[in-house]
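Please look at the sequence and the model first, and then read on.

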Amino acid sequence: MSNIHNDKILILDFGSQYTQLIARRIREIGVYCELLPYDVSPHFIEKFKPNGIILSGGPDTVSQSDSARAPEIVFELGVPVLGICYGMQTMAVQLGGDARSAHDKAEFGFAQIRARGHSPLLNEISDEINAEGHGLLDVWMSHGVEVTKLPPEFKLIASTDNCAIAGFANADKHYYGLQFHPEVTHTKQGLHILERFVTGICNCEKNWTTDNIINELVGDLKKQIGNQKVLLGLSGGVDSSVVAILLQQAIGDQLTCVFVDNGLLRLNEGDEVMQTFAENMGVKVIRADAQKHFYDALADESDPEKKRKIIGRCFIEIFDQEAQILQDIKFLAQGTIYPDVIESAGAASGKAKVIKSHHNVGGLPDDMAFELVEPLKELFKDEVRTIGVKLGIPKHMLYRHPFPGPGLGVRILGQVKEEYAEILRRADHIFMEELHAHDLYDQVNQAFAVFLPVKSVGVTGDERRYDYVIALRAVETIDFMTARWARLPYDFLDHVSNRIMNEISRVSRVVYDISGKPPATIEWE
């Protein structure tokens with residue numbers, strides 16, 4: 001069996017909105033990679049033993065004295081290095097070149113570069129050839145600073161009309177810098193360029209495949225768990241569902257799943273989960289009715305982060321109760337995935353901020369009685385879905401829009417009440433039902449309703465009413481790190497709005513969220 005971690009790339013994150021895309025592209029190529037803050041300890045980098053290192057873009061201005069720098073060990077290990085955007089700029093400065101503000105030459109959006117010379121990175125990669133025989137590439141630029149002086153022993157490998165040094169290389173040391181972003185789909189040959197670096201220059205083998213990942217995960221679970229018993233919180237979402245089937249394959253009857261009905265789920269979700277797993281897939285599932293437990297714990301709390309922590313704590317309390325009934329439970333399994341780990345961690349410098357805590361990784365008590373099992377913690381969501389399909393989980397469950405771990409608890413703004421949850425559940429169901437009916441569900445990447453704890457004047461028949469507001473949210477995104485609001489048809493929104501207000505007596509107004517990410521987030525809390 002191939003070792004999926006044998007060949008690997010280390011990505012050092014300088015804070016670019018595109019950094020997770022780099023990691024996903026490397027995984028798509030078939031090579032394992034990890035993404036870490038740029039200021040991770042030199043000892044860790046050395047111990048990681050990467051085949052190559054990629055320095056990401058970032059928001060810093062490299063000419064400022066306090067701007068971020070790559071650890072010196074990056075250039076001492078003797079492995080290939082690729083700097084992208086800011087990563088290229090800091091390479092230039094650290095290795096003896098220079099970079100300055102581009103002034104009126106800043107580039108944001110599409111650009112066309114000319115390949116110069118015949119570098120191993122760009123050789124014979126182009127979208128077209130110009131009259132002078134130079135390869136032309138359509139790329140995506142996003143920079144206000146440019147490299148103005150090549151480091152010693154480096155050669156120019158790409159330029160644009162506005163950027164004289166859009167790429168450089170020291171082929172002897174296998175150091176490369178690109179001012180454009182090969183990781184985004186707007187750079188047509190971007191995946192080809194990254195593959196050239198990862199497989200052609202770093203000599204990585206493509207061991208990161210779905211079959212290899214499943215085999216290694218099942219093998220690792222068997223080793224970690226042995227003959228002990230495992231408790232899994234099964235939500236019915238993509239992540240916990242895939243964990244359930246992986247564990248079933250690895251340890252069979254040693255697994256007990258607890259489906260916690262916390263009162264913060266979508267309409268009829270509890271019945272659907274029990275039917276899918278307990279009745280159709282043979283997984284041992286206990287349904288725990290814990291609605292009152294959660295509502296009581298959330299009473300009078302309005303702060304989003306505190307709500308997440310409370311919900312995470314309540315899950316553990318319910319699992320503790322169930323474990324005591326079941327006895328001899330040693331492990332708690334979770335569906336933590338790689339973006340959860342990334343978003344819940346910050347750089348040592350403090351420049352990479354925690355966006356939000358996830359109940360999977362941020363709400364567990366220090367004195368928890370279980371050992372954690374997190375088989376998906378190295379995987380992105382698209383990788384989890386691919387594995388789920390291979391394991392035979394129904395596709396409609398795997399490709400549902402994302403649903404937050406804390407459920408409706410963070411889609412009810414402010415205080416959480418049972419009354420609010422019921423209103424929101426019904427509104428969200430209408431929205432989803434109509435998206436499917438109008439063949440729009442798969443055209444957006446995430447859609448949901450939000451309960452606003454404010455009242456607005458409305459009119460029903462001849463009577464005035466004063467009731468709650470529902471916000472609808474739908475976005476289009478590739479990586480969920482950036483997103484634009486979905487341009488759903490006006491007639492469709494009108495129809496959904498009318499249904500919600502006519503069928504839910506406590507809603508007097510429906511609004512549509514037209515915020516992008518950034519500056520907004522996809523979820524409201």
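How many of the 525 residues of the protein chain count as buried? The share is 56%, where buried means under 20% relative accessible area, exposed over 50% and partly exposed in between, with a 1.4 Å probe and protein chains only. The model is predicted, so that local features need pLDDT of at least 70 and side-chain atom pairs count only at pLDDT 80 or more, while totals for chains, interfaces and linings use all residues. Residues are numbered from 1 along each chain as its sequence is written, and side-chain values use heavy atoms, with hydrogens and water left out.

Along the principal axes, its C-alpha atoms fill a box of roughly 75 × 65 × 40 Å.

Contacts, meaning heavy atoms within 4.5 Å, show how the chain is folded together. Among those between residues at least 6 apart in sequence, 75% join residues at least 24 apart.

Rings of Phe, Tyr and Trp (its six-membered ring) pair if their centres lie within 6.5 Å; planes under 30 degrees apart count as stacked, over 60 as edge-to-face and the rest as tilted. The count by this rule is 15 aromatic pairs. One of them is the stacked pair of Phe14 and Tyr38, with 5.0 Å from centre to centre and 10 degrees between the planes. Phe14 lies in the loop between strand 1 (8–13) and helix 1 (19–29), and Tyr38, 24 residues apart from it, in the loop between strand 2 (32–37) and helix 2 (42–48). Phe14 counts as buried because its relative accessibility is 7%, and Tyr38 is buried at 10%.

Tyr420 and Phe451 also form a stacked pair, because their ring centres are 4.4 Å apart and their planes are at 25 degrees. Since Tyr420 belongs to helix 14 (residues 418–437) and Phe451 to strand 18 (residues 446–460), the pair ties together parts 31 residues apart in sequence. Tyr420 is buried at 8% relative accessibility, and Phe451 is buried at 0%.

Methods. Helices (H or I, at least four residues) and strands (E, at least two) are DSSP runs, numbered from the N terminus.
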